[in-house]
Amino acid sequence: MPRIVFIEASGKEHVVEAKVGESVMQAATSNMVPGILADCGGSCTCATCHAYLDERWADKVTKVSEDEAAMIDGALDTQPNSRLTCQISVTEALDGAIFRLPVSQY
């Protein structure tokens, strides 16, 4: 199973094993990663699963959809590498991927 790294704004790391096919958000919530609230359950309507995808992994995920871009536009503390983790499916290629969590998620 791929391992995904979540780094809290404080620097604390959480390494979780993720199932191929689930969303990165599901991997975080299943492993109780703080800072991934997932209020909408993954339907791309709340941006409470916002994270910064380490740029080294950008070419390993799907591009931002129009719906995701609209939700990111309304999120706090966005950066060019902001993503909604509910919109990224876990693949073997994401083994070791790093997601940093914004301070606004706490």
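Reader: What should I know before I start?

Author: This is a predicted model, in which local features need pLDDT of at least 70 and side-chain atom pairs count only at pLDDT 80 or more, while totals for chains, interfaces and linings use all residues. Residues are numbered from 1 along each chain as its sequence is written, and side-chain values use heavy atoms, with hydrogens and water left out.

Reader: Let's begin with rings. How is a pair of aromatic rings described?

Author: By the distance of the centres and the angle of the planes. The rule here takes rings of Phe, Tyr and Trp (its six-membered ring) whose centres lie within 6.5 Å; planes under 30 degrees apart count as stacked, over 60 as edge-to-face and the rest as tilted. That rule gives one aromatic pair. Phe-6 and Phe-99 are its partners, stacked at 5.9 Å centre to centre with 25° between the planes.

Reader: Which parts of the chain does the pair tie together?

Author: Phe-6 belongs to strand 1 (residues 3-7) and Phe-99 to strand 5 (residues 98-100), so the pair ties together parts 93 residues apart in sequence. Helices (H or I, at least four residues) and strands (E, at least two) are DSSP runs, numbered from the N terminus.

Reader: Is Phe-6 buried or exposed?

Author: Buried means under 20% relative accessible area, exposed means over 50%, and partly exposed is in between (1.4 Å probe, protein chains only). Phe-6 has 0% relative accessibility, so it counts as buried. Phe-99 is buried too, with a relative accessible area of 0%.

Reader: Then let's look at the core. Where do nonpolar side chains tend to be?

Author: In soluble globular proteins, they tend to be buried together. Here a nonpolar core is a set of buried Ala, Val, Leu, Ile, Met, Phe, Trp, Tyr and Cys residues joined through side-chain atoms within 4.5 Å. The largest one has 31 residues, and Ile-4, Phe-6, Val-24, Leu-84, Leu-94 and Phe-99 touch the most other members. At least two residues of this core come from each of strand 1, helix 1, strand 3 and strand 5.

Reader: What is Leu-84 in contact with?

Author: Contact means heavy atoms within 4.5 Å. Leaving aside neighbours within four places in sequence, the contacts of Leu-84 include Cys-44, His-50, Glu-68 and Met-71.

Reader: Which residues are linked in a network?

Author: Asp-54, Arg-56 and Arg-100 are linked in a network of salt bridges. Asp-54 meets Arg-56 at 2.8 Å, N to O. Asp-54 counts as buried at 10% relative accessibility, whereas Arg-56 is exposed at 58%. Arg-100 also forms a salt bridge with Asp-54, the closest N and O atoms being 3.0 Å apart. That pair links distant parts of the chain, with Arg-100 in strand 5 and Asp-54 in the loop between strand 3 (50-53) and helix 2 (66-73), 46 residues apart.

Reader: And which side chain does Glu-68 meet in a salt bridge?

Author: Glu-68 meets Arg-83 at 2.8 Å, N to O. This pair joins helix 2 to strand 4 (residues 82-84), and the two residues are 15 apart. Glu-68 counts as buried at 1% relative accessibility, and Arg-83 counts as buried at 6%.

Reader: What about Glu-22? Which side chain of opposite charge is nearest to it?

Author: Lys and Arg count as positive and Asp and Glu as negative; His and the chain ends are not counted. Glu-22 is buried yet has no salt bridge, and the nearest side chain of opposite charge, Lys-19, is 5.4 Å away. The side chain of Glu-22 does reach the backbone nitrogen of Lys-19 at 2.8 Å. Glu-22 lies in the loop between strand 2 (13-17) and helix 1 (24-30).

Terms used:
Salt bridge = Lys/Arg side-chain N within 4 Å of Asp/Glu carboxyl O. Polar contact = N/O pair within 3.5 Å; in protein donor to acceptor, adjacent residues only side chain to side chain.
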